[in-house]
Amino acid sequence: MPKRLMQICFMHPDLLTQNIMVPTLTADNALKRMLDPVFIDWQGTCALPLALQWYTPTFVEYKARLLDLKTGRPILKMPWDHLAEVALPKNFDQLDPEFQEIIRTEHEVATRHVRWNQWFTKHPEFAPLILSFPMQNNLRLFTQYILRACADGPFCLRKMLWDIELAWYSNDEEETSVLCPFTIGLDMFELMRKDEPHLRYQNARSKLMQRLRCTVDGLVLRKDYEASMKEMELARKEWDEVSTGGPFPFEDGKWGQYLR
């Protein structure tokens, strides 16, 4: 393992756009204001080796928001390795000009994710190792999930332990000659079975967040507010508490950590 990868460092664990502060835009500082940002909300930051801290920042990561109404699948298809160029739909030229503009905006967001990965993989001394390490993302959040289990319950921590064990034995025999330091036993399986409704609700809420373009607290950008409100009313009518595992999670004006 290269020494550079094993250097202990601090890295912000949640680089959302609302956690990055820059001066107000004026006619004179369009570029300059972006050169010295302030990062807030360092909760969950850990001191870990660089190899376990790397991740695609949340504000760069692309999550499909435009879905085909007939199939429910994303209109834009990200390449499997998130490194190749994102293709526009084959029928793009035949689409309504207004919808073309919406797709172009979505394409810019998807391309931003690809550009980040392309830039990162130009550093051959550590990028391939980090990108190919299957447990990296789980171990990056491990300490945070242990701490959050005290406040939020052990659901996510149990799921992470399960994912780590699966990843541990997903490599070839040479790499798995050392046994995983823990084993998911029958008692853990039973607990995870009981967790299933909660995990199902989390998955449904995550998909809804993508649809509404909002954070976990329901925070939306000012420019998205009107469209998100209309989409929320449609989503509320379609929400099924039985299949999703819980009540509709968002209400306009509801309490959130940004409104304390």
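Modeller: In this predicted model, helix 5 (residues 136–152) gives three residues to the lining of the largest cavity, the largest share.

Biologist: Which residues line the largest cavity?

Modeller: Met11, His12, Pro13, Gly44, Cys46, Gln53, Tyr55, Arg140, Leu141 and Gln144.

Biologist: What makes that space a cavity and not a pocket?

Modeller: A cavity is a set of points where a 1.4 Å probe fits but cannot get out, whereas a pocket is open. The volume of the largest cavity is about 50 Å³. The count comes to one cavity of 30 Å³ or more.

Biologist: And what is the volume of the second largest pocket?

Modeller: The second largest pocket has about 1,100 Å³. Its lining holds 31 residues, and the closest to its centre are Arg65, Leu66, Leu67, Arg211 and Glu231.

Biologist: Which elements give two or more residues to the lining of that pocket?

Modeller: Helix 3, helix 7, helix 8 and helix 9 do. Helix 7 supplies eight residues, the largest share of the lining of the second largest pocket.

Biologist: Take helix 8, then. How do you know that its span is close to what is expected?

Modeller: Helix 8 covers residues 225–238, which makes 14 residues. The expected span is 1.5 Å times one less than the number of residues, and for helix 8 that is given as 20 Å. From first C-alpha to last, helix 8 reaches 20 Å, so the span is close to the expected one.

Biologist: Which residues of helix 8 are buried?

Modeller: Ser228, Met232 and Ala235 are the buried residues of helix 8.

Biologist: Why are they said to line one face of the helix?

Modeller: Looking down the axis of helix 8, its buried residues fall within an arc of 70°, so they line one face.

Biologist: Why is the pair of Tyr201 and Trp239 called edge-to-face?

Modeller: Two values decide it. The ring centres of Tyr201 and Trp239 are 6.4 Å apart, and rings pair if their centres lie within 6.5 Å. The planes of Tyr201 and Trp239 stand at 90°, and planes over 60 degrees apart count as edge-to-face. The pair of Tyr201 and Trp239 is therefore edge-to-face.

Biologist: What does that pair tie together?

Modeller: Tyr201 lies in helix 7 and Trp239 in the loop between helix 8 and helix 9 (241–244), so the pair ties together parts that are 38 residues apart in sequence.

Biologist: What makes the pair of Trp239 and Phe248 edge-to-face as well?

Modeller: The rings of Trp239 and Phe248 are 5.5 Å apart, centre to centre, with 90° between the planes. Tyr201, Trp239 and Phe248 are linked by ring pairs into a cluster.

Biologist: Why is Gln100 called buried?

Modeller: Gln100 has 12% relative accessibility, and the limit is under 20%, so Gln100 counts as buried. Gln100 is placed in helix 3 (residues 97–120). Leaving aside neighbours within four places in sequence, Gln100 is in contact with Phe92, Asp93, Gln94 and Leu95.

Biologist: And why is Leu221 called partly exposed?

Modeller: Leu221 has a relative accessible area of 46%. Exposed means over 50% and buried under 20%, so Leu221 falls in between and is partly exposed. Leu221 sits in the loop between helix 7 and helix 8.

Biologist: What share of the protein is made up of buried residues?

Modeller: Of the 260 residues in the protein, 32% are buried.

Methods
Residues numbered from 1 in each chain as written. Predicted model: local features only at pLDDT ≥ 70, side-chain atom pairs only at ≥ 80, totals over all residues. Heavy atoms only, no water. Helix = DSSP H or I, 4+ residues; strand = E, 2+ residues; numbered from the N terminus. Buried < 20%, exposed > 50% of the residue type's maximum accessible area, 1.4 Å probe, protein only. Arc of directions from axis to C-beta. Phe/Tyr/Trp six-rings, centres within 6.5 Å; stacked < 30°, edge-to-face > 60°. 1 Å grid on protein atoms, 1.4 Å probe; cavity = no way out; pocket = protein on both sides within 12 Å on 5 of 7 lines; lining within 4 Å. Points joined across faces, edges and corners; volume = space filled by probe spheres on them. Contact = heavy atoms within 4.5 Å.
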